[in-house]
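Look at the sequence and the structure first.

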Amino acid sequence: MKALKLFFVSMVFLSACGQKQPPEGIIDKRKMVRILADLHTIDGYMSSLMSTDTLRVAGNTYYAAVYKNHNTSKPVFEKSLKYYSMQPVVLDSMYSRVDNILKWRADNLTKILEAKQKKADAKINDLPK
């Protein structure tokens, strides 16, 4: 009898510790991280531009493109974000991954810009004096 009780307690414990899948209609964590990274990239780009009505319309187009690229929609994304917001530890770990992606993108962009600048400097140095 003790063995049977121990078995059931162990099964409950193991099922509680297992990775919980989000409910139906919620974007999984990995995909959500990629979407968040893309949306924050657009946010950064948009914040670097002067604010105009045209810019706001263009921004909506960019955001819609992200949802389309990830085969989702704004309502599904918002529902998923609300779901993950109710789990701060999970959302924090997701944003750590988002932060890593954004840092990686920034580093790559910096490398590209530095390479272009070196190429431009080389062309200037090759001009006759």
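Buried means under 20% relative accessible area, exposed means over 50%, and partly exposed lies in between (1.4 Å probe, protein chains only). This is a predicted model: local features need pLDDT of at least 70, side-chain atom pairs count only at pLDDT 80 or more, and totals for chains, interfaces and linings use all residues. Residues are numbered from 1 along each chain as its sequence is written, and side-chain values use heavy atoms, with hydrogens and water left out.

**Helix packing**

- Two packed helices are described by the angle between their axes and the distance between the axes.
- Helices (H or I, at least four residues) are DSSP runs, numbered from the N terminus.
- Axes are lines fitted to C-alpha atoms, for helices over the stretch in contact; angles run from 0 to 180 degrees between N-to-C directions.
- The axes of helix α2 (residues 29–47) and helix α5 (residues 88–125) cross at roughly 50 degrees and come within 9 Å.
- α2 and α5 are therefore oblique to each other; angles under 35 degrees count as roughly parallel, over 145 as roughly antiparallel, 65 to 115 as roughly perpendicular and the rest as oblique.
- Contact means heavy atoms within 4.5 Å. On α2 the contact residues include Met32, Val33, Leu36 and Asp38, and on α5 they include Met94, Val98, Ile101 and Arg105.
- By class, the contact of α2 with α5 has 10 nonpolar, 5 charged and 2 polar residues. Ala, Val, Leu, Ile, Met, Phe, Trp, Tyr, Cys and Pro count as nonpolar, Asp, Glu, Lys and Arg as charged, and the others, Gly among them, as polar.

**Aromatic pairs**

- Rings of Phe, Tyr and Trp (its six-membered ring) pair if their centres lie within 6.5 Å; planes under 30 degrees apart count as stacked, over 60 as edge-to-face and the rest as tilted.
- The whole structure holds 3 aromatic pairs.
- Tyr45 and Tyr62 pair edge-to-face, at 6.0 Å centre to centre and 70 degrees between the planes.
- Tyr45 sits in helix α2 and Tyr62 in helix α3 (residues 53–69), 17 residues apart.
- Tyr45 is partly exposed at 42% relative accessible area, and Tyr62 is partly exposed at 36%.
- Tyr67 and Phe77 form a tilted pair, 5.8 Å centre to centre, with 40 degrees between the planes.
- Tyr67 belongs to helix α3 and Phe77 to helix α4 (residues 74–85), 10 residues apart.
- Tyr67 and Phe77 are buried.

**Asp38**

- Asp38 lies in helix α2. Asp38 is buried, with a relative accessible area of 17%.
- Leaving aside neighbours within four places in sequence, Asp38 contacts Val66, Asn69, His70 and Arg105.

Note on methods: Helices (H or I, at least four residues) and strands (E, at least two) are DSSP runs, numbered from the N terminus.
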